[in-house]
Amino acid sequence: MCGIVGYIGKKEALPILLEGLRDLEYRGYDSAGIAILNQGKIERIREVGKVDMLVKKIAGKKFPGSIGIAHTRWATHGGVTEENAHPHLAGNGKLVLAHNGIIENYRELKKEIKDQNFESETDSEILAKLIFQNYSGDLLKAVKMTLPRVRGTYGLAIMHADHPDEIVVARLGSPLVVGVGEDEYYLASDVTPILPFTKQVTFLDDGEVALINRQEFKIFNLKDEQIIKGVTQIDWDIETAQKGGFENFMLKEIFDQPTVFEDAIRGRIDMSEGTAKLGGLNMNLEEMRAIKRIILIACGTASYACLAAKYAFERLSGIPTEVDVSSEFRYRDPIVDEHTLIFAVSQSGETADTIMALREAKRKGGVVRGIVNVVGSTIARETGAGTYIHAGPELAVASTKAYTNMVAILLLYALEFGRLHHTTPATGQRILQSLLQIPEKMNEILKQSEQIKILADKYKDYNDFLFLGRGINYSVALEGSHKLKEISYIHSEAYPAGEMKHGMNALLTPDFPVLAILTQNQLYEKMKSSIEEVRARKSKTIIIASVGDEEAKELADDIVYVPKTMELLEPLLNTIPLQLFAYHTAVALGRDVDRPRNLAKSVTVE
Ligand code: M6R
C-alpha cells in the first residue's frame, strides 16, 4: 500500500500535494516525493522518512506550478532509499510516474527496455521507462499501449513535460479517486486528500485509464472505449475516510485481509510444478536440502502464525520444526548449527526480543532469514534475506492482516521445502488451488460480521473465556484468546482440547464460556468428545464449525460457520471469526480498540 495524490487546476499544486500526502501517510510512510510540471519542465524532490522530512527538505525552495503528482511510499520492491522513492522519472526527466501496487512481471518487462540505466531498484521505474519507450507524442496512447503488458496491480499517475495540461491515471487492483472541482481536478488513493476541496468524486474501476486536463476528464477501458461515469457525493469526515468508512483501523484491517492475502501470494506460486517461488531465501537447492531443522522465532501473534505453520513444515517437508518465543530463545542457549534454518517472523521488523534472538541464532552459525511486513526495518536489514508479507501498513495495535499474511508466506515456504522432500507435485497443486480460493472464502466469513456482533453483545459480560482447539486449530485458539485479551481486557486462556482432562476441567462452570474450533479435519471426532466434556460441566459453547455441519449445532449454544478448506490452510479462515469476536466484544465494552491500554504497536524494548 502506498498513497498517490495529484492536482491539476489554477492553484499552486505544492501545498495541495503536501497536505494530501499527510492525509495518506497511514498508507505508507517510509519515503515521500512530489513532482511538479512548470514551463515545460518537471521538478521533482524526494526524501526518505515521513512527509515531514520531505517538507523540511522543501523549506525555502520554490516549486511553482499548478499541475503535479506526489507519492508516499510503503516499500515493496527495493529498500527504503531516496532513489527508490516515487515519483520515478524516465526519458531524461521528460516523464514522471507515481505507482501504488506491485508489478509481478517486472523482470520480464525490464528486458524490453532499451535504456538500461536504472536509478532505482523498483518495479515502478521499469513501468515509467516502458511507457516512455512507447510514447510517440500521445501520453494517453502510450499508457494504453503499455498497461495490457503489465501483470500485477497498479494505481498510477503520470505526467509528461510536453503535456503541461494533462495527467494520465490508471487503476488495476489499487484504488484511485478523482475529485471534481471547478476547472480543476484532484486525484488520490482515497478520498481523504480531496475532501477539503470538493465532495464530488468519481471512483475509477479496475481496468480503467483516465485523461485529466483542466477542463474535463475522460475515462477509457483498455480496449479504448470511452466510459461515462457519474460523480458521487461524499459526506465522510477525514478520519472516517482514512479508515475507509470503517469505525476504526482494526476493523478496516480485518476487512483488508482478502485483498492483502492476494498481495502476499501474487507472483509467488508455481502451479505447474506445484510449488512456491519465494526468491528471498537466497539458497540453492543443495543448500536447501542441507537444512535438517527449522526454528521459527517470533513474539505474540507472529508466534501463533508460526505455530500454525509448524504443522505445514513438518507435514510437507518432514523437517523437524520448532516454534520459539523470541524472548525465551535467546536465553535458553538454543542448539543451532549450519544445518538449522531460523525464520525471524515479525510484522514491525523492530521487535527487540526477535532482533536479539536472531542475532543469537546468527552467532551460533544458523542460517537466518526474515519474514517481515515493514520494508527496510531492522529485522529485514539484519537478516539480509527473506520475504516481505505485503500486508500493507497495519496501524491497529492488535495484529490481524499481518497474521494471515505471515501464515500464507510460511505455508509457501513449507511447500517449497516440501517439494524438495516428499510432497508430490499433485499435492502441491492441490494446496495452491486451495490457497487461491482463500480470499473468496475470507469474504464469506466477513459477511457474518453482524452476526458475530450479536454474539459478542450476548457474551461481553463474562469475566473469563476459554478457547479450545486441537492440532493446527490449537494455534488458532491461542491467537483468538490473545486477541480477546489484548483489546477487550477480558481474561481468557487457550488450551489444546485433549489436555483439558489433565487439569483445566477443574475451572469449568456455567460462567466460563468456551469458544471451540470444530472444523472437519482429522481431529474432528476427538474435538467433539472434548466439547461434550465441556458441556457436561454446563459451560456455554460457541462453536466455529464447517459449513453444512448440522451435528455441530447439537453441541453449540451458538455457532459460526466457516467455509471448508484443507486442514493446513484452516488457520487462514478460522482465525477471522475470532478476530471479529474480539473486536465486537471490545467495542461493546467501550474499549479503545486501536490503542489498547498498556500495549504498543512495536515493542522495541527487551
Ligand atoms: O511486530 P511484531 O510482529 O514482531 O510484534 C509481535 C507482537 O508484539 C505482536 O504480535 C503483538 O502480540 C500484537 N499486539 C498482536 O496483536
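User: Where does C2 lie relative to β1?

Analyst: C2 lies in the segment before β1 (3–8); strands are DSSP runs of E of at least two residues and helices are runs of H or I of at least four, numbered from the N terminus. This is a predicted model, in which local features need pLDDT of at least 70, side-chain atom pairs count only at pLDDT 80 or more, and totals for chains, interfaces and linings use all residues. Residues are numbered from 1 along each chain as its sequence is written, and side-chain values use heavy atoms, with hydrogens and water left out.

User: What makes C2 a residue listed under "active site"?

Analyst: The listing comes from UniProt, where an unreviewed entry gives C2 and K601; such annotations may be inferred rather than shown by experiment. From this set, C2 is in the lining of the largest cavity. A cavity is a set of points on a 1 Å grid over the protein atoms alone where a 1.4 Å probe fits but cannot get out, and lining residues have an atom within 4 Å of a point.

User: Why are α9 and α13 called roughly parallel?

Analyst: Helix α9 (residues 300–317) and helix α13 (residues 401–420) pack at an angle of about 20°, with their axes 8 Å apart. Axes are lines fitted to C-alpha atoms over the stretch in contact, and angles run from 0 to 180 degrees between N-to-C directions. Angles under 35 degrees count as roughly parallel, and α9 and α13 are therefore described in that way.

User: Why are α16 and α19 described as roughly parallel?

Analyst: Helix α16 (residues 472–488) and helix α19 (residues 570–588) pack at an angle of about 20°, with axes 9 Å apart. The pair is therefore roughly parallel. Among the contact residues are E479 and K483 of α16 and E570 of α19; the contact divides into ten nonpolar, eight polar and three charged residues.

User: Which residues does UniProt list for "domain: SIS"?

Analyst: The unreviewed entry lists residues 284–425 and 455–596. Residues 284–425 are 46% helix and 19% strand, and residues 455–596 are 42% helix and 20% strand.

Key:
Parallel < 35°, antiparallel > 145°, perpendicular 65-115°, else oblique. Contact = heavy atoms within 4.5 Å. Nonpolar A, V, L, I, M, F, W, Y, C, P; charged D, E, K, R; others polar. 1 Å grid on protein atoms, 1.4 Å probe; cavity = no way out; pocket = protein on both sides within 12 Å on 5 of 7 lines; lining within 4 Å.
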